[in-house]
Amino acid sequence: MLPVRVTRRRTAAAVATVLAVTLGAGALTVPAAVAAPVTAAAATGAQETVAQMPLHTVVDAPGGSAGFFVDNWFRGDSVAWTSYKDGKTVPLGDYSEIYGGDLYVDYKGNVVDMATGARYELPAENANAVGVAGPYVFTAFTFDNTSGTGVTTLWAHTAEGQRQITGLPAGAQEFFVRGGTGKVGLVRFKGANGDRYEGLVDLATGKVTEIYEVPGNGAFTASDTRVAWVETNASGARRAVVVDRNTETRKTVDLGPVNASPRIALIGDWLLAGAYPGAYGIDPALDYRLRAWNLADASAAPVKLLDRVQSIQPDAGNGLLISGGLVGTGDGTYRIDLDADGRPAATFVAANGSPTETAELSPAKVPSGTVDLNGSDDLSFRWNLNHSDTRVTVELKHVRTGVTYRAVEEGYDEAGGWDSNYDEGFPMGPSWWGQFTNVDGTKALRSPSNGDYTWEMTAESLVGAGPALKRSGSFTVTRTPRTHDFDDNGSVDLLARDASGVLRSDSSLRQGRYGEAEVPETTIGGGWQIYDRIETVGNVAGSVHADVIARDKAGVLWLYQGNGNGGFAGRVQVGGGWQTYDQISGGSDYTGDGRPDLVASDKTGVLWMYKSTGNATKPFDTRKKIGSGWGVYNQLVGTGNIAGAAHGDLLARDKDGVLWMYLGKGDGTFTGRTRIGGGFGRYGELVGAGDYDRDGKNDLLAVDPAAKKTYYFEGTGERYTPFDLARVSTTLHANGSYNLFS
């Protein structure tokens, strides 16, 4: 690698050049003494530390003898001047103004010499500035513009006067001028044929002496002996074309795997080239480093100068100013000069507050401690990184089950300008929704399960700048247990049994009435055809997971305790004689002890309460009679709190399809019934599934066997209108034939 110096002491540069220019009509003179550029900064012998610039600032124009202009690509009002003398960066104004070298031109045509503080105004009739080169401000002036047949001319200005630039072909227009070397400026223009050209303006004579036709998107640069530009060969590879200005001989340099718009520069017998991702995106297969090719030795391999490059600009002498970075040194401005052996060497001139390797600029926002996801599934990770051209990979492991999820966020181009506070860093990192996947790469279409998690993050530079950044941590997800949550992830699960006896669970990712993502069904197992009733009852056996009971055809009731993984432990017999009941319903806490209870109506119409015990071997206490006359109903549904009180409520559908609500008092009894509405006879099963749409209110699922669809009625929490009766379609068990739901 070529040498890099971090400047600690300024070096002397005592060369002065006296230029006198006779400009024909109207004298235009260069200031009598123009200070030669200083290699690292200014005054001889002054002690120096590396200048400190604002974060993400980039050298945005050819440098001057006293300093250089910078711009923050993410803020429109951030053009600034960085002085070699004191290292300070002074804000100036809008980036739409013209600047370069030591000269700044505002939108009114006022010119400021940043080296001396001198000011002057461009002529009012010719104030359309198009660039700066050396001590001159260039303007374009169009005669007879209103006729549409005007001729555009190019002019150079100092405080003493102006003159027209000669040597341009007829019909040239759309000028853009910038610094090239100490002797020539570069003028880009469109020819009469519409093609793009680059010309060299001799700053001593005001004449365009050389013109080159170059590709429309190719970079162009010049030195005192060569010019170069970038083009694409027949195979699509990028190469630099280098032309000897004296002999006009050409050679090409293969730039290797670089992107569509590499930056190039010439210094001595070396060609420098590097690429910035920019608007072309990021491809890890490309080489974005700043490298140098020896034009005098075609067999020599290119050597690396910097790990990053954003811009390359000439300065007032024969050196170069580079915005880029070197791992271990930092991002900022580097000056490239030739060392004693004629090889380019980099000096760190000004830091912009960021390491070159991947780092955090401000504290991360990641889950930690206990994360309560009762209100949402917002499980988000964010690291404020110094570079956006970074790939962030997070692996998330659920400790209890060992299930591992993965999320990868590919970097984006920094020039794209995400809306962010860039002083804090580029926000990168995944959230659970839509970004984490299963280990096989399929989407993790589920909510994150409760329990302990560990995570590991790796942030690696997509441009190969330094080692990866690694972080790790842990947290615990918790939610209030839900009656219909078999996989312990907070979402509503609906059980369904098909004709062959296979039991399946289905859920969906629903957020509100209009957003739903379908989740694949989970097969629990076969053999469930021996039961004529399967009822989800919530946690009645003491664990935190939802349980089910199942009645066989002999009237024996069995308990299946949930395992939190979407399935159940082996069955435990509750007792016999349950064939006496026409309806069985669980899931609501009617007794106020925090555990869901069971109600059952027998064939004589008597309603019985079974208080849950939390004991797996005896999950229900001795039954208690609540009342009679319940034979008019053909389904009972435990819903939890649907009417605004703190206790569980009960729905009952009569034989005419009218749905009624019994408000729970919390002592195992109910208030008088409230009519909800008719038309519920079309549904084969009503299920009090809890909060299906995640709005904090319990809802009602309804299975329509004729349509083979499941709907939900949104809970309102209102006493007399607990549901919005405009049903909403769901994806639950929409693709199969089932004969029992719970």
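Buried means under 20% relative accessible area, exposed means over 50%, and partly exposed lies in between, with a 1.4 Å probe and protein chains only. With that cut-off, take Glu174. Glu174 counts as exposed, because its relative accessibility is 53%.

First, the ground rules. This is a predicted model: local features need pLDDT of at least 70, side-chain atom pairs count only at pLDDT 80 or more, and totals for chains, interfaces and linings use all residues. Residues are numbered from 1 along each chain as its sequence is written, and side-chain values use heavy atoms, with hydrogens and water left out.

Now the overall picture. The chain has 1 helix and 61 strands. Helices (H or I, at least four residues) and strands (E, at least two) are DSSP runs, numbered from the N terminus. There are 742 residues in the chain, and 53% of them count as buried. The accessible surface is about 30500 Å², and carbon and sulfur atoms hold 49% of it. Those areas come from the Shrake-Rupley method with a 1.4 Å probe; for residues, only the protein chains shown count as cover. Next, contacts, meaning heavy atoms within 4.5 Å. Take the contacts between residues at least 6 apart in sequence: 47% of these join residues at least 24 apart.

Back to Glu174. Glu174 sits in strand β17. Its phi is near 55 degrees, a positive value in a residue other than glycine. Strand β17 covers residues 173-179 and runs antiparallel to β18, residues 184-190, with 5 bridges between them. Two strands pair if DSSP finds at least two bridges between them. A hairpin of 4 residues links β17 to β18. Across this pair, Phe176 stands opposite Arg188 of β18.

Keep an eye on Arg188. Its side chain makes a polar contact of 2.9 Å with that of Glu198. A polar contact is a pair of N or O atoms within 3.5 Å; within protein, one must be able to donate a hydrogen and the other to accept it, and residues adjacent in sequence count only if both atoms are side-chain atoms. Glu198 has another such partner: the side chain of Arg196, at 2.6 Å. Glu198 belongs to strand β19, residues 196-202. Is Glu198 buried or exposed? Buried, because its relative accessible area is 0%. Leaving aside neighbours within four places in sequence, its contacts include Arg178, Val187, Glu210, Tyr212 and Phe220.

On to a sheet. Strands of a sheet pair through backbone hydrogen bonds, either parallel or antiparallel. Here 4 strands form an open sheet in the order β25-β26-β27-β28, with antiparallel pairing. The edge strands are β25 (263-267) and β28 (303-306), each pairing on one side only. Neighbouring strands are turned by 30 degrees against each other on average, direction ignored. For that angle, axes are lines fitted to C-alpha atoms, for helices over the stretch in contact, and angles run from 0 to 180 degrees between N-to-C directions. Inside the sheet, β26 (270-274) and β27 (290-294) are joined by 4 bridges. There, Leu272 stands opposite Ala292 of β27.

Now the cores. A nonpolar core is a set of buried Ala, Val, Leu, Ile, Met, Phe, Trp, Tyr and Cys residues joined through side-chain atoms within 4.5 Å. Which residues touch the most other members of the largest core? Of its 24 residues, they are Trp383, Val392, Leu396, Phe436, Met457 and Phe475. Strands β35 (382-385), β36 (390-398), β37 (404-409), β38 (426-428), β39 (451-461) and β40 (469-478) each supply at least two residues of this core. The largest share, 4 residues, comes from β39. Not counting residues up to four places away in sequence, Phe475 touches residues including Pro367, Phe381, Leu396, Tyr453 and Trp455. Apart from this core lies another, of 19 residues, among them Ala265, Val309, Leu320 and Ile322.

Asp488 lies in the loop between β40 and β41 (493-498). Its phi is near 60 degrees, again positive in a residue other than glycine. Asp488 counts as buried, because its relative accessible area is 9%. Glu685 is in strand β57, residues 685-690. It counts as buried too, because its relative accessible area is 12%. Its side chain makes a polar contact of 3.1 Å with that of Gln635. Beyond four places in sequence, Glu685 contacts Arg533, Gln635, Leu701, Ala702, Val703 and Phe741.
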